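Welcome, and thanks for taking a look at this one. Here is a short briefing to read alongside the coordinates.

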Amino acid sequence: MRIQISNRLKKLPPYLFFEIDRLKRKALDGGRDIIDLGIGDPDLPPHQDVIEALYRATRDPKNHRYALDNGHPELKRRIADWYKNRFNVELDPETEILPLIGSKEGISHIPLGILNPGDSSLVPDPCYPPYKGGTILAGGNFKIMPIKKEMAFLPDLKIIKKSTLKRAKLLFINYPNNPTAAVCDKGFFRDVVLFSKRNNLVVCHDAAYSEITFNGYRHSSFLSVEGSKEVGIEFHSLSKTANMTGWRIGFVCGNSKLIDILSRVKSNIDSGIFTAIQIAGITALDRAEVHLKEMNRIYQERRDILVEGLNRLGWKVERPRATFYVWCELPKGHRSSIQLCKLLLEKADLVVTPGVGFGKFGEGYIRMALTVSKERIQEATERIKKIL
């Protein structure tokens, strides 16, 4: 029997983080002491109360049945409360909130409900890979919007061609940004709302890193801008806000019709989030303020050690205001992000992520994650010193 993969799957590039993990595992199998600054997977645990809430919920037999497809009602009410307290955004728990099996799941599936074959999505470059992958799997095409240093890593909406906009249905944005760690103000969100209204575009804002901010900075929500709920939705994740990456729980909020569309897609693909995890998610939101204060203090300390250490080596790196990433321009004498990453792995036992893996406009950069201890970050800078 000859098994063939679909043309859609052939169009997908190798998933960046799988390849990085493969190289890391090969090095670890060789007995090397690897410091992993590659994948953004928090090393800090969830709040202890969240773990205890999960334990209690798993002991209740009724929580082991199929979950409700549209999410646990109490969790949705708590999400609405959190949005009101955090962003002063009013949400209807019944029609404007949908829990997800992690925000990645929802981001990947929304194109299935919006795009027809031949339609396109507008995607920043560099970007989180599922914006492109979800578009391809839905039979659509993606059109890139370069985000560059000289534009503060914001897309220039004015230069998008009319011919591109004719088949465009979706616009992806992401602030605080992965991988660049860039932030935006409400003025940019207002521009996006006006642009999407003029061009009949659905806006999908990925706000997974909105709560990881430093030095007193607080990021705003796309939904806090007037008219935003007419055109779009916002994705959030407890992976970053509550260190629950492996638990797979997030949510999407905003336009009720778009929420319904995504719910209909999901009802044909999954059976909801394990109820005990949803109950633990309620506790995670209840503890978010206290948890985030300490978590961000730790990430800020790590950020400062890494940035100051690299700058002392003559590698000029900017200090990010948000996310747990540092987006580093290649040091002098280096032109390929992949080659530099290979050098750091081979000669310094460091795993970092090549910028080109996030798109062609990511070339010239590498991304380092602050998801190891401050002692390991200090050690990483010492190893870099020996080879650069």
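Predicted model: local features only at pLDDT ≥ 70, side-chain atom pairs only at ≥ 80, totals over all residues.

- Strand 2 spans residues 97-100 and is covered on both faces.
- On one side of strand 2 sit I97 and P99, on the other L98 and L100, and all four are buried.
- In a regular strand, side chains alternate between the two faces of the sheet.
- Strand 2 runs antiparallel to strand 8 (residues 250-254), and 4 bridges join the two.
- Within this pairing, L100 stands opposite G250 of strand 8.

**Helix 5**
- Helix 5 covers residues 103-114, and its 12 residues reach 17 Å from the first C-alpha to the last, close to the 16 Å expected at 1.5 Å a residue.
- Its buried residues are S103, E105, G106, I107, H109, I110, P111 and I114.
- An α-helix has 3.6 residues a turn, so residues three or four places apart point the same way.

**Helix 13 and what follows**
- Helix 13 (residues 288-312) has 25 residues, which should span 36 Å at 1.5 Å a residue; the end C-alpha atoms lie 35 Å apart, in agreement with that.
- Just after helix 13, G314 adopts a positive phi of about 90°.

**A nonpolar surface patch**
- I5, L9 and L137 make up a nonpolar patch on the surface, and together they have about 260 Å² of accessible area.
- L137 belongs to helix 6, residues 130-137.
- With a relative accessible area of 41%, L137 counts as partly exposed, because that class lies between the 20% and 50% cut-offs.

How values were computed:
Residues numbered from 1 in each chain as written. Heavy atoms only, no water. Buried < 20%, exposed > 50% of the residue type's maximum accessible area, 1.4 Å probe, protein only. Pairing = 2+ DSSP bridges. Expected span 1.5 Å × (residues − 1). Patch = residues over 30% accessible without salt bridge, like charges linked within 9 Å, V, L, I, M, F, W, Y side chains within 5 Å. Areas by Shrake-Rupley, 256 points an atom, 1.4 Å probe, with all protein chains shown as cover. Salt bridge = Lys/Arg side-chain N within 4 Å of Asp/Glu carboxyl O.
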